[in-house]
Structure formats: C-alpha cells, structure tokens
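Here is a short briefing on one protein model. Look over the sequence and the 3D view first, then work through the points by topic.

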Amino acid sequence: MIVGLLRHGPAVPRSTPGIPDDERSLTPKGRQKTARAARGLRRLGLGFDRVVSSPLPRARQTAEIVAEI
C-alpha cells in the first residue's frame, strides 16, 4: 500500500478579521494551485483510490479538488 499526504492549498490568511481559523477556506489562487498540483500528480501516474480529509473547510476543499482530478 502506498500512502500519500497532501497539505491543503493556500487559504485565507490567519487572523483575518471575522474568519475564525477553523473556518478559513481556500483562496481562488489556492484552488488553482491545488488543481495544478493534482493534475501534476496524475501525470506522474499517482492516482487516488481513497481521499481522507480533516473536516476543516480548507482541507475538505483541497480533498474535493484532488478527488475530482
């Protein structure tokens, strides 16, 4: 079995007024960079049988992007 770990993409900065840390989501640029990284992994032949994520929005959004590509 091969296990890979992927950190979430760029998210809204910490200490952004009105956004608690556990509610920070990916930025538009973060979504683009995550999709680019996922496509690169696919080109290398690294597919995903299962994607598991933290429940935090930025991690969940990253997992969704990776699972779609």
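Ala, Val, Leu, Ile, Met, Phe, Trp, Tyr, Cys and Pro count as nonpolar, while Asp, Glu, Lys and Arg count as charged. The others, Gly among them, count as polar. With these classes, the lining of the largest pocket has 13 nonpolar, 6 polar and 3 charged residues. Keep in mind that this is a predicted model.

**The whole protein**

- The protein has 69 residues, and 26% of them count as buried.
- It contains 2 helices and 0 strands.
- The C-alpha trace of the protein spans about 40 × 20 × 15 Å along its principal axes.
- The accessible surface of the protein is about 5,300 Å². Carbon and sulfur atoms account for 55% of that surface.
- Take the contacts between residues at least 6 apart in sequence: 55% of them join residues at least 24 apart.

**The largest pocket**

- The largest pocket holds about 760 Å³ of space.
- How many residues line the largest pocket? There are 22.
- Nearest the centre of the largest pocket lie V3, G4, L5, F48 and R50.
- Helix α2 gives the largest share of the lining, with 4 residues.

- Helix α2 covers residues 57–68, and Q61 is found in it.
- Is Q61 buried or exposed? Its relative accessible area is 13%, so Q61 is buried; the cut-off for buried is under 20%.
- Q61 touches S25, L26 and R31, not counting residues up to four places away in sequence.
- R58 also has its place in helix α2.
- R58 has a relative accessible area of 7%, so it counts as buried.
- Which residues does R58 contact, leaving aside neighbours within four places in sequence? They are H8, A11, D21, D22, R24, S25 and L26.

**A11, in the segment before α1**

- A11 has its place in the segment before α1.
- A11 is buried because its relative accessible area is 17%, and buried means under 20%.
- Leaving aside neighbours within four places in sequence, A11 is in contact with R24, S25, L26, T27 and R58.
- A11 and P57 are 46 residues apart in sequence. In space, their C-alpha atoms are 9.5 Å apart.

**T27, in the segment before α1**

- T27 is found in the segment before α1, and that helix runs over residues 28–43.
- T27 has 21% relative accessibility, so it counts as partly exposed. That class lies between the buried cut-off of 20% and the exposed cut-off of 50%.
- T27 is in contact with P10, A11 and V12, leaving aside neighbours within four places in sequence.
- The C-alpha atoms of T27 and A11 are separated by 5.1 Å. Along the chain, these two residues are 16 residues apart.
- A polar atom of the T27 side chain lies 2.8 Å from the backbone nitrogen of G30.

**S15, in the segment before α1**

- S15 is found in the segment before α1.
- S15 counts as exposed because its relative accessibility is 73%, and exposed means over 50%.
- What is the phi of S15? It is positive, about 65 degrees, although S15 is not a glycine.

Methods. Residues numbered from 1 in each chain as written. Predicted model: local features only at pLDDT ≥ 70, side-chain atom pairs only at ≥ 80, totals over all residues. Heavy atoms only, no water. Buried < 20%, exposed > 50% of the residue type's maximum accessible area, 1.4 Å probe, protein only. Contact = heavy atoms within 4.5 Å. 1 Å grid on protein atoms, 1.4 Å probe; cavity = no way out; pocket = protein on both sides within 12 Å on 5 of 7 lines; lining within 4 Å. Points joined across faces, edges and corners; volume = space filled by probe spheres on them. Polar contact = N/O pair within 3.5 Å; in protein donor to acceptor, adjacent residues only side chain to side chain. Areas by Shrake-Rupley, 256 points an atom, 1.4 Å probe, with all protein chains shown as cover.
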